[in-house]
Amino acid sequence: NTIYDKKILSKNEKGDATNYRLILEVKINTNINDEDIELNYKETFDMKKQDEIFEEEKYEKLIINNMITTIIRKLLNNLSQLK
């Protein structure tokens, strides 16, 4: 299961968002040696709003990819320790 959320951290005087918190949570259920195991991972990143929407979306995708890479590394590390 994967949950992604983008929350507003702060707004300017007009009420427009200026900072966001990106949150990626991953829950993995597996069975190793007849033992059910649940692995949970959570990555967060605080991001400033960009002037250009296209640039902001591009930057957000880069951050998400980096968070995914971090979670995959943690998962592989945990799985190698479970054997």
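Modeller: Happy to. Three strands make up an open sheet, in the order 1-2-3 with antiparallel pairing; strands are DSSP runs of E, at least two residues, and helices are runs of H or I, at least four residues, both numbered from the N terminus. Strands count as paired if DSSP finds at least two bridges between them. At the edges are strand 1 (2-11) and strand 3 (35-48), each pairing on one side only. Ignoring direction, neighbouring strands are turned by 15° against each other on average. Strand 1 pairs with strand 2 (residues 17-32) over 9 bridges, in the antiparallel sense, and Asp 5 stands opposite Ile 23 of strand 2. Helix 1 packs on this sheet, touching strand 1, strand 2 and strand 3, and its direction makes about 150° with that of strand 3. Contact here means heavy atoms within 4.5 Å; axes are lines fitted to C-alpha atoms, for helices over the stretch in contact, with angles from 0 to 180 degrees between N-to-C directions.

A word on the source: this is a predicted model, in which local features need pLDDT of at least 70 and side-chain atom pairs count only at pLDDT 80 or more, while totals for chains, interfaces and linings use all residues. Residues are numbered from 1 along each chain as its sequence is written, and side-chain values use heavy atoms, leaving out hydrogens and water.

Now the charged pairs. A salt bridge is a side-chain nitrogen of Lys or Arg within 4 Å of a carboxyl oxygen of Asp or Glu, and by this rule there are 6 salt bridges. In one of them, Glu 43 and Lys 74 have their closest N and O atoms 2.6 Å apart. Because Glu 43 lies in strand 3 and Lys 74 in helix 1, this pair ties together parts that are 31 residues apart in sequence. Glu 43 is buried, at 14% relative accessible area, whereas Lys 74 is partly exposed at 37%; buried means under 20%, exposed over 50% and partly exposed in between (1.4 Å probe, protein chains only).

Glu 56 forms another salt bridge, with Lys 49, at 3.5 Å between the closest N and O atoms. Glu 56 is buried at 6% and Lys 49 is partly exposed at 36%. Through shared partners, salt bridges join Lys 6, Lys 49, Glu 56 and Glu 60 into one network. Glu 60 itself lies in helix 1 (residues 53-82) and counts as buried because its relative accessibility is 12%. Leaving aside residues up to four places away in sequence, Glu 60 touches Tyr 4, Lys 6, Leu 22 and Met 47.
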